[in-house]
Amino acid sequence: MENNRIALIGIIIEDNDSIAKVNEILHDNSNFIIGRMGIPYREENINIISIVLNAPNDVINSLTGKLGMLKGVSAKALYANKK
């Protein structure tokens with residue numbers, strides 16, 4: 001069994017047509033999500049979301065990859081040093 005890691009995924013959405021798909025992907029992984037903060041930056045017409053997870057490394061990588069493949073969506077993961 002793989003050890004879980006604590007990670008933060010930063011998401012920037014520049015295409016509003018992708019918002020529903022981002023929310024669907026996050027909902028599918030909600031059992032790993034510790035917290036979520038969303039900031040609509042209306043002046044720039046972008047949305048910024050921070051997700052904190054406690055999940056296996058492959059789940060974090062898969063989630064980040066799925067989000068990053070969406071049109072107008074950027075996603076990057078940062079990991080806590082604690083293992």
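User: Which residues is glycine 35 in contact with, leaving aside its neighbours within four places in sequence?
Analyst: Glycine 35 is in contact with Ser50, Ile51 and Val52, where contact means heavy atoms within 4.5 Å. Keep in mind that this is a predicted model, in which local features need pLDDT of at least 70, side-chain atom pairs count only at pLDDT 80 or more, and totals for chains, interfaces and linings use all residues. Residues are numbered from 1 along each chain as its sequence is written, and side-chain values use heavy atoms, with hydrogens and water left out.

User: What makes glycine 35 partly exposed?
Analyst: Its relative accessible area is 24%. Buried means under 20%, exposed means over 50%, and partly exposed is in between (1.4 Å probe, protein chains only). So glycine 35 lands in the partly exposed class.

User: Where is glycine 35 found, and what stands opposite in β3?
Analyst: Glycine 35 is in strand β2, and valine 52 in β3 stands opposite. Strands here are DSSP runs of E with at least two residues, helices are runs of H or I with at least four, and both are numbered from the N terminus. As for valine 22, which is 13 residues from glycine 35 along the chain, the two C-alpha atoms are separated by 15 Å.

User: How do you know that β2 and β3 pair?
Analyst: Count the bridges: two strands pair if DSSP finds at least two between them. Strand β2 (residues 33-41) and β3 have eight, in the antiparallel sense. These strands also form a hairpin with four residues between them.

User: How many bridges join β1 to β3?
Analyst: Ten, and the two strands run antiparallel. For instance, alanine 7 has leucine 53 as its bridge partner in β3, while arginine 5 is bridged to alanine 55.

User: What makes β2 and β4 edge strands?
Analyst: The sheet is open, with four strands in the order β2-β3-β1-β4 and antiparallel pairing. β2 and β4 each pair on one side only, and that makes them the edges. On average, neighbouring strands of this sheet are turned by 15° against each other, direction ignored.

User: Why are α1 and α2 called roughly antiparallel?
Analyst: Helix α1 (residues 19-28) and helix α2 (residues 57-68) pack at an angle of about 170°, with axes 10 Å apart. The axes are lines fitted to C-alpha atoms, for helices over the stretch in contact, and angles run from 0 to 180 degrees between N-to-C directions. Over 145 degrees counts as roughly antiparallel, under 35 as roughly parallel, 65 to 115 as roughly perpendicular, and the rest as oblique. The two helices are therefore roughly antiparallel.

User: Which residues meet where α1 packs on α2?
Analyst: Val22, Ile25 and Leu26 come from α1, and Leu63, Lys66 and Leu67 from α2. By class, that contact has five nonpolar residues, no polar ones and one charged residue.

User: What does α2 lie across?
Analyst: α2 lies across β1, β3 and β4, running at about 160° to β4.

User: What makes leucine 67 count as buried?
Analyst: Leucine 67, in helix α2, counts as buried because its relative accessibility is 0%. Not counting residues up to four places away in sequence, leucine 67 touches Ile9, Ile11, Val22, Ile25, Leu26, Val73 and Ala75. Isoleucine 13 is 54 residues from leucine 67 in sequence and 9.6 Å away in space, C-alpha to C-alpha.

User: Which members of the largest nonpolar core touch the most other members?
Analyst: Of its 18 residues, Ile9, Ile11, Val22 and Leu67 do. Elements giving two or more residues to this core are β1 (4-13), α1, β3 (46-56), α2 and β4 (73-79).

User: Is threonine 64 buried or exposed?
Analyst: Threonine 64, also part of helix α2, has a relative accessible area of 12%, so threonine 64 is buried. Leaving aside neighbours within four places in sequence, threonine 64 is in contact with Ile9, Ala75, Lys76 and Ala77.

Note on methods:
Ala, Val, Leu, Ile, Met, Phe, Trp, Tyr, Cys and Pro count as nonpolar, Asp, Glu, Lys and Arg as charged, and the others, Gly among them, as polar. A nonpolar core is a set of buried Ala, Val, Leu, Ile, Met, Phe, Trp, Tyr and Cys residues joined through side-chain atoms within 4.5 Å.
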